[in-house]
Each structure stands twice: as structure tokens, then as C-alpha cells.
Amino acid sequence: MYRMSAINSTVSFWGATTSKANFCETDYAVSRYIAEFVNSLTNVVYIIYGIYGLRQLRKYEHGDLLRALPYWGLIAVGLCSFAFHLSLKYHTQMMDDLSMHFATTPVLYRVLTTNSNRRDSAVMGMVLSAVLVFLVTFHVMTDELLVHSVSFVGAVTIIGIYTIRLVNSRTLPGSATRRQIWGIVRFGAAIFNLGYWLWIVDQWACGFLTKAREAIGFPYAFILELHGWWHICTGIGAYTFIAVVEHLVSGENLSKQSFAWPASWASRSIFAGREPVDKVNEIQK
């Protein structure tokens, strides 16, 4: 059965669990060296997409640190979340929590200062840095989750709203570019929402999922590790919005922006809608 190989955390490589958060995956079910096997390994998604984004910047000789920071933040999320799920220790949980803010803040800065002059951009940078320091300090000192969660969701919401504004202001109405970008944005929002609901179900239906995994057995039970799917969905969604914001803020031609799959697919999928009939006829002529 799926849980038969699970061992007591006190005899694991990392010792007793000290983190306050623990998810539905059975601890040390695969190895005494990995607390949550699936939840640990699925963090590779963040790292892969972060590296891809950095390679694209280097490919087009964009050495600007500001443009690279969101991708470094994405990699940091993957590494910190991996460390947390690997060990289930309090200090790695703090790393995982705080990496989320370090990943969103550079993207938030970019969307808020798109049309700002140098002085206003500097002021916004100082304000966001101060807020980030406050959130980090408050979270570490109090170990609370409400302010941490609300601030993160708020930052993601603001990024989403400003991304929509950028799409409308920086692409021509009815153009193929706008249609393609909208396809990527819709897909990014959809995959984010899917990941969120999988995260919710993983918590609410943990008892049912555990019994189902026991019945299915290794290795197919891994399919029902929904927190791992949350990592995959949010990794794809985070990369998608970072890449879209990078394209819109830089103002570069869409043909010079190579989006990773499945964002590249989304630009030509049902999320992008259909080409207007009159344009299709014009192309055929």
C-alpha cells in the first residue's frame, strides 16, 4: 500500500518536523531523506522556467538586472519551496513563505513604474522595498499567516490588473498581437486559478485523497498529490505573467519574444479566440 513505507519523522534524516505547515502528502513515504517526495520534486518547474527566462534575456543581450530579477525570484521560490518540503523545518518554511514576496515585488515594481520618470520610479522602488522589509520582519517575528497571505494575494491581484491595462495600452485594438497576448494572459489566469482550487481541495479533502492513494498504490498515487500540482500550475502561471509583463514593458516586437510552452501554445489556442472572418478572408486573398 501507499503508506506502508512511511517512517516516523523522528528517525528521518532531518529529524522531527518543526514547521507549522504540513500538507496532505504522507511524510517520508518514499525516502528518509525526503519529507514530501512529490511536493519537493515538483518545485523543479519554477527553476526550469526561471532559467529559461534568463536564457532568453541573455540570448537577446539584455543584461539589465531589473529585467532578470523576476526570473531569479522564480528560481528562488523553487529552491526555497524545495528545501521546505524536503525537510519540513521551521526555518525552511520561513524561506518558502518569504521567497513568494521576493518573487512578486520586482514584477510589481515593473508594472507600477512602466510610464514613470526616473524620480517617480526611484520613489516607488523605495516604497516597495520598505513594504517588503516590513512584511519580512513582521512575518518572521510573529509567524502569522494572515498578513502574509493577504499581502501576497494583493500583490498578485495588482499585477493582474496592471497587466490587463498594459495589454490594452500597448497593443493595437483588433491586432493579431493583442489577440495572442490576450490568449497568453487568459491561460495564465486560468492555470493560476486551477492551481489554487487544487490547493484548496488538497486541504479540504485530505482524508479522502489519502484513502484513494492507498487504494491506487505506488506510483500512480502520485497523481493525487494535489499540492504538487499546485506547484506545477503556479510555476507555469507565474512564468507566464512574468514573460508577458517583460514583453509589454520592454515594448519589443512579439516575434522577438520566445515564450516557453505552454504559453507559446496559449497564444494560438482557444484562449486567444478566433481570427476575425474578414482578416482570414484578407489573408486568403
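What follows is a conversation about how some terms are applied to this predicted model.

Biologist: UniProt is said to list residues for "binding site"; which are they?

Modeller: The UniProt record, an unreviewed entry, lists Glu25 and Glu36 under that name. In the model, Glu25 is placed in the segment before helix H1, which spans 37-41, and Glu36 also lies in the segment before H1.

Biologist: Why is Glu25 called buried?

Modeller: A residue counts as buried when its relative accessible area is under 20%, and because Glu25 has a relative accessibility of 4%, it counts as buried.

Biologist: What makes Glu36 buried?

Modeller: The relative accessible area of Glu36 is 0%, which is under 20%, and therefore Glu36 is buried. Leaving aside residues up to four places away in sequence, Glu36 touches Asn22, Phe23, Glu25, Asp27, His85 and Leu88.

Biologist: How far does the backbone nitrogen of Phe23 lie from a polar atom of the side chain of Glu36, and what is such a pair called?

Modeller: The distance is 3.3 Å, and a polar contact needs a pair of N or O atoms within 3.5 Å, so this distance falls within the cut-off.

Biologist: How do you know that Cys24 and Cys206 form a disulfide?

Modeller: Two cysteine sulfur atoms must be within 2.5 Å, and the sulfur atoms of Cys24 and Cys206 are 2.3 Å apart, so the pair meets that cut-off. The pair links distant parts of the chain, with Cys24 in the segment before H1 and Cys206 in helix H8 (residues 206-216), 182 residues apart. The structure holds one disulfide.

Biologist: Why is this disulfide of Cys24 and Cys206 called right-handed?

Modeller: The torsion about the S-S bond of Cys24 and Cys206 is about 100 degrees, so the disulfide is right-handed.

Biologist: Are Cys24 and Cys206 buried or partly exposed?

Modeller: Cys24 has a relative accessible area of 7%, which is under 20%, so Cys24 is buried. Cys206, at 24% relative accessibility, lies between 20% and 50% and therefore counts as partly exposed.

Biologist: What makes Cys80 and Cys233 buried?

Modeller: The relative accessible area of Cys80 is 15%, which is under 20%, so Cys80 is buried. Cys233 has a relative accessibility of 4%, and because this value is also under 20%, Cys233 counts as buried.

Key
Residues are numbered from 1 along each chain as its sequence is written. This is a predicted model: local features need pLDDT of at least 70, side-chain atom pairs count only at pLDDT 80 or more; totals for chains, interfaces and linings use all residues. Side-chain values use heavy atoms; hydrogens and water are left out. UniProt positions are given in the numbering used here, feature names are shortened, and annotations may be inferred rather than shown by experiment. Helices (H or I, at least four residues) and strands (E, at least two) are DSSP runs, numbered from the N terminus. Buried means under 20% relative accessible area, exposed over 50%, partly exposed in between (1.4 Å probe, protein chains only). Contact means heavy atoms within 4.5 Å. A polar contact is a pair of N or O atoms within 3.5 Å; within protein, one must be able to donate a hydrogen and the other to accept it, and residues adjacent in sequence count only if both atoms are side-chain atoms.
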